[in-house]
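Please keep the structure open while reading.

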Amino acid sequence: MKVEFYGHVRQYLNIRTEIDANIQRVLMSGKYVLGPMGEQFEKELAAYTGHKYAIGVGNGTDAIWLTLLALGIGPGDEVITHPNTFFATAEAAWVVGATVVFVDCDPQTRCIDPKKIEAAITSKTRAIVPVHLYGQCADMPAIWKIAEKHNLKVIEDNAQGIDGAGDTFKQGDRSAAVTTSFIIQKNLGCFGDGGAIYTNDSAIDARVRKLRSHGSTKRDHHSFGFNSRLDDIQAAILSAKLKHLKDYTSARAKWAARYTAGLKTCRAITLPYAVPGYRHVWHLYAVETKNPAKRDALLAFLNKEGVDAKTHYSIAIHKQEGYPWGKQARIVGAVTEAEKNAASVVTLPMFPELTAEEVDYVIAKVQEWDKSNG
Ligand SMILES: Cc1ncc(COP(=O)(O)O)c(C=O)c1O
């Protein structure tokens, strides 16, 4: 049996008529960038996430750095995050010329550890960028408390966590903005690149809207800016898929629960920790080998057996070759948990259109490996 990591074509085929109809509408409108479909999707996204404004941009990386720019964050300013995230989280801060300050992640959730943040704050700190890693919200109440005490902005990197929530909080409740990515494989994915920012701050909305379009909101009138817009064809796909997002999340949660039930007796791996009461959206089902030296063997075994398991992410950002490429960066305290996560993580196939047979096959193969390694 072969179990793929992604189910893009399955998802398309299931809602093909809705996606095709939306794309046709755009094609026949003749307005493909900053047209009515893009505007419609922005309104739908704002309503869905419970924010006043949503702005579609070129991708999830741009969403972060356009927000940093809109907040006036740049050279000389420090941005705190953690190193066991996708590279783009830190890259976005480097794009605007800021200093990236890495602290460790939580030993269980693998999101930023709020207890490590205060030691990293200096007079130059301007923002904290927590990541809702693997689809589970970071400990936002603890992060907001620190941010408010030190007058810092919070930008939630929600590329992996759309539709998620905490127990007592919603994403973005007390943050300057939430950013997300719509790249193909995300929980809400388009057929290429895309991203968005959602916020309740009218100044951020206005600045990002201008920055994403050559510093312009009126024909022939420009100020400093860029070209980073979500096009209307991608918005058409996203608008169709947004109507199914709740069902997609439920399906992911069902497969995650099946993995957890099937793998709970494993002795050589640690299963993902889900914070009680949180709405985890299971962008990734990430296990860790208890012995990091055995990770590559598990990955190779699964791949050989037809299971397209992967790693997210096997090299922490500060361990990438050439780090920090002449950019400004600091590491505060030991980041041993982040390094352990990078060294031991294996991600199993996870998408809504998986079948029970496929999930059970993956479980059987992980169990088989565990029996001779546990
Ligand atoms: C945590 C995180 N941040 C940022 C990004 C960047 O998004 P994009 O690839 O759309 O630029 C991604 C995914 O790609 C991500 O997983």
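Gln160 places a polar side-chain atom 3.0 Å from an oxygen atom of the ligand. The model is a predicted one, and the distances given here are computed from it.

| Residue and atom | Ligand atom | Distance |
|---|---|---|
| Gly60, polar backbone atom | oxygen | 2.7 Å |
| Asp157, polar side-chain atom | nitrogen | 2.7 Å |
| Gln160, polar side-chain atom | oxygen | 3.0 Å |

How many residues surround the ligand? There are 15, and the closest are Gly60, Thr61, Asp157, Ser181 and Lys186.

The next topic is the largest pocket. Its space amounts to about 470 Å³. The lining is made up of 34 residues, and those closest to the pocket centre are Ser181, Ile183, Gln185, Lys186 and His283.

Which helix supplies the largest share of the lining? Helix 4 does, with three residues; this helix spans residues 60–70. Helix 1 and helix 5 (88–95) each supply at least two residues of the lining. By class, the lining holds 14 nonpolar residues, 14 polar residues and six charged ones.

Helix 1 covers residues 8–14 and includes Arg10. Is Arg10 buried, partly exposed or exposed? Its relative accessibility is 31%, so Arg10 counts as partly exposed, since the partly exposed class lies between under 20% for buried and over 50% for exposed. Leaving aside residues up to four places away in sequence, Arg10 touches Phe351, Glu353, Leu354, Thr355 and Glu358. With one of these residues, Glu358, the side chain of Arg10 makes a polar contact of 2.7 Å. His132 is 122 residues from Arg10 along the chain, and the C-alpha atoms of the two are 26 Å apart.

Helix 11 runs from residue 336 to 344. Its buried residues are Glu337, Ala338, Asn341, Ala342 and Ser344. What do these buried residues pack against? Their partners are strand 9 (285–289), helix 10 (295–304) and strand 11 (345–348).

Methods: Residues numbered from 1 in each chain as written. Predicted model: local features only at pLDDT ≥ 70, side-chain atom pairs only at ≥ 80, totals over all residues. Heavy atoms only, no water. Helix = DSSP H or I, 4+ residues; strand = E, 2+ residues; numbered from the N terminus. Buried < 20%, exposed > 50% of the residue type's maximum accessible area, 1.4 Å probe, protein only. Contact = heavy atoms within 4.5 Å. Polar contact = N/O pair within 3.5 Å; in protein donor to acceptor, adjacent residues only side chain to side chain. 1 Å grid on protein atoms, 1.4 Å probe; cavity = no way out; pocket = protein on both sides within 12 Å on 5 of 7 lines; lining within 4 Å. Points joined across faces, edges and corners; volume = space filled by probe spheres on them. Nonpolar A, V, L, I, M, F, W, Y, C, P; charged D, E, K, R; others polar. Near = heavy atom within 4 Å.
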